[in-house]
Amino acid sequence: MAKRTVRDIEKIWGHVEGVKKLSDRVVGVGPFGVGLDGLVTWVPILGTAYSVGAGGWLLYLATQAKATPGTLARMAGYLGLDVATSEIPIAGDIVDFLFPGHLMAAKALQKEMEATHWVEDSEAAALTSGRHAENLAHVQSQPHLRRLVYLHD
């Protein structure tokens with residue numbers, strides 16, 4: 001597996017932002033928005049296919065960003081609810097049209113990414129060189145950071 005870089009994490013952020021906008025914010029009015037997910041929900045099979053595909057892509061991106069199991073579970077819950085509601089005739093389509101599941105899952109991942117200090121190194125190398133303590137001190141000194149991720153692990 002190729003070593004990841006901070007640039008790779010930035011690309012993941014961009015992909016997540018794209019899914020967020022395409023799925024739930026193509027047309028926005030104030031705090032409300034409708035995206036492709038809400039629009040294609042009215043088309044049998046296509047709506048479910050899009051919802052599952054976009055949700056799967058978000059979960060894949062989350063694994064690439066080394067999201068925690070809690071964040072993955074939260075995202076899966078939002079996305080599962082989004083897909084499940086679309087299976088209920090008419091009323092489910094209305095709920096799916098209004099429920100921004102992809103947006104919520106994307107925001108959960110982005111929130112975790114913002115709270116992460118990314119280090120282009122392996123934990124073993126950082127421990128050997130003594131940089132691990134510096135990295136931990138950096139995380140502890142920044143109130144918005146909650147976790148440390150070594151990208152070469």
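User: Is Tyr60 buried, exposed or partly exposed?
Analyst: In this predicted model, Tyr60 counts as partly exposed, because its relative accessibility is 42%.

User: And what about Trp57, with what relative accessible area?
Analyst: Trp57 has a relative accessible area of 35%, so this residue is partly exposed as well.

User: Where do Trp57 and Tyr60 lie?
Analyst: Both belong to helix α3, which spans residues 46-64. They are three residues apart, about one turn of the helix.

User: How many aromatic pairs are there?
Analyst: The count is one aromatic pair. The ring centres of Trp57 and Tyr60 are 5.6 Å apart and the ring planes are at 20°, so the pair is stacked; the cut-off for stacking is under 30 degrees.

User: Changing topic: where is Ser23, and which residues does Ser23 touch?
Analyst: Ser23 is located in helix α1 (residues 6-24). Leaving aside residues up to four places away in sequence, Ser23 touches Gly35, Leu36, Asp37, Gly38, Tyr50, Ala54 and His102.

User: Buried or exposed, that Ser23?
Analyst: Ser23 is buried, because its relative accessibility is 0%.

User: On to the strands. Which residues of β3 lie on each side?
Analyst: In strand β3 (residues 116-119), Thr116 and Trp118 are on one side, while His117 and Val119 are on the other. All of these residues are buried, and both faces of the strand are covered.

User: Why that pattern of sides?
Analyst: Side chains in a regular strand alternate between the two faces of the sheet.

User: How many bridges join β3 to β4, and which residue is the partner of Val119?
Analyst: Four bridges join β3 to strand β4 (residues 147-150), and the two strands run parallel. Val119 has Tyr150 of β4 as its bridge partner.

Key. Residues numbered from 1 in each chain as written. Predicted model: local features only at pLDDT ≥ 70, side-chain atom pairs only at ≥ 80, totals over all residues. Heavy atoms only, no water. Buried < 20%, exposed > 50% of the residue type's maximum accessible area, 1.4 Å probe, protein only. Pairing = 2+ DSSP bridges. Phe/Tyr/Trp six-rings, centres within 6.5 Å; stacked < 30°, edge-to-face > 60°. Contact = heavy atoms within 4.5 Å.
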